[in-house]
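Here is a friendly walk through one protein model, with a look at its charged pairs and its sheet. Keep the structure view open as you read.

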Amino acid sequence: MIPKSHPRYESLLLREKIVKAAENGYLADSAMIAHGRGEAFDYLIGEKTTYPAKRAMYVAVAALLLSNNPVISVNGNATALAIDEIIELANAVNAKIEINLFYRTDERVELLTTLYREHGYKEILGSLDDDIEYLNDIKNNRASASKTGIYAADTILIPLEDGDRAEILKKSGKNIITIDLNPLSRTSKMSDVSIMDNIVRAIPFMTKIAEDLKTQDKKVLIEMVNEFDNEENLKESIEQIKINNK
Ligand code: ATP
């Protein structure tokens, strides 16, 4: 039990969630390395949501609300850290949720499917009984996607995604949004909207934004998306790391 007074309380709680998820068998072997990399970047931004991240979140939510078939792609880490919050966001923006694993095994897919169903989300895609198609005709697991989910999606939110998989998704012509604490990652660089923030702060904030933007005129949302420059916003995100450590 971590005492609340511990200076790294929040961070240690997240670590504990990742350790538990690994014990429960639904994380890939490299999941802790990915989490540690995220922790390091979170440390550098003071574990706070920066202004460029907020701006990207508004644009991301606008894009999700404007889409015909938005999908939130989830892996083990995202699920371990924010399963209920992901379900709430999906409901708020009317998006589907799809299990999308870089190292896909039947056992982990089954464990994650059960977890989403236990948390009240019955329509989870990417399960073992789902119809699978291959993006860009690449016949391997890295390019597999649910026929009614990612395969048919126009916008995909890919939190904590690996660069290889992000590249395949991007090449398939979809609008890509990522939540990634590393503004230098390949995923951040190739996405259309990159949110440099911790998934545990970003997802609930995006749900709040959705409640606000839902009442806005569609034209306002289109303008927000069109005016956004991801490269410029990533530069500002990197700048925030310097400002926070002066
Ligand atoms: P790339 O291939 O895109 O260059 P990578 O090889 O680092 O990046 P992975 O390690 O597979 O990709 O992906 C994990 C990414 O998720 C990392 O960039 C890490 O910073 C980020 N990350 C880890 N934990 C979190 C978190 N809690 N919130 C947001 N991002 C996180």
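Which residue forms a salt bridge with Lys139? The partner is Asp137, and the closest N and O atoms of the two are 3.9 Å apart. Please keep in mind that this is a predicted model.

## Salt bridges at the surface and between helices

Let's stay with that pair for a moment. Asp137 is exposed, at 62% relative accessible area, and Lys139 is exposed too, at 63%. In all, the structure holds eleven salt bridges. Side chains of opposite charge can pair when their charged atoms come close.

Glu236 is partly exposed, with a relative accessible area of 28%, and Arg55 is partly exposed at 27%.

Glu167 is partly exposed at 32%, whereas Lys171 is exposed at 61%.

Elsewhere, salt bridges link Asp42, Asp197 and Arg201 in a network.

## The five-stranded sheet

Now for the sheet. Five strands form an open sheet in the order S2-S1-S5-S6-S7, with parallel pairing. At its edges are strand S2 (96–99) and strand S7 (193–195), each of which pairs on one side only. On average, neighbouring strands of this sheet are turned by 20 degrees against each other, direction ignored.

Strand S1 (residues 70–74) pairs with S2 in the parallel sense over four bridges. Here you can find Ser73 opposite Glu98 in S2.

## Arg104, a buried arginine

Is Arg104 buried or exposed? Its relative accessibility is 19%, and the cut-off for buried is under 20%, so Arg104 counts as buried. Arg104 lies in the loop between S2 and helix H5 (106–118).

Leaving out residues up to four places away in sequence, Arg104 touches Ile99, Val109, Gly126, Ser127, Leu128, Ile132, Asn141 and Ser144. Val193, by contrast, is 89 residues from Arg104 in sequence and 26 Å away in space, C-alpha to C-alpha.

Key. Residues numbered from 1 in each chain as written. Predicted model: local features only at pLDDT ≥ 70, side-chain atom pairs only at ≥ 80, totals over all residues. Heavy atoms only, no water. Pairing = 2+ DSSP bridges. Helix = DSSP H or I, 4+ residues; strand = E, 2+ residues; numbered from the N terminus. Axes fitted to C-alpha atoms, helices over the stretch in contact; angles between N-to-C directions. Buried < 20%, exposed > 50% of the residue type's maximum accessible area, 1.4 Å probe, protein only. Contact = heavy atoms within 4.5 Å. Salt bridge = Lys/Arg side-chain N within 4 Å of Asp/Glu carboxyl O.
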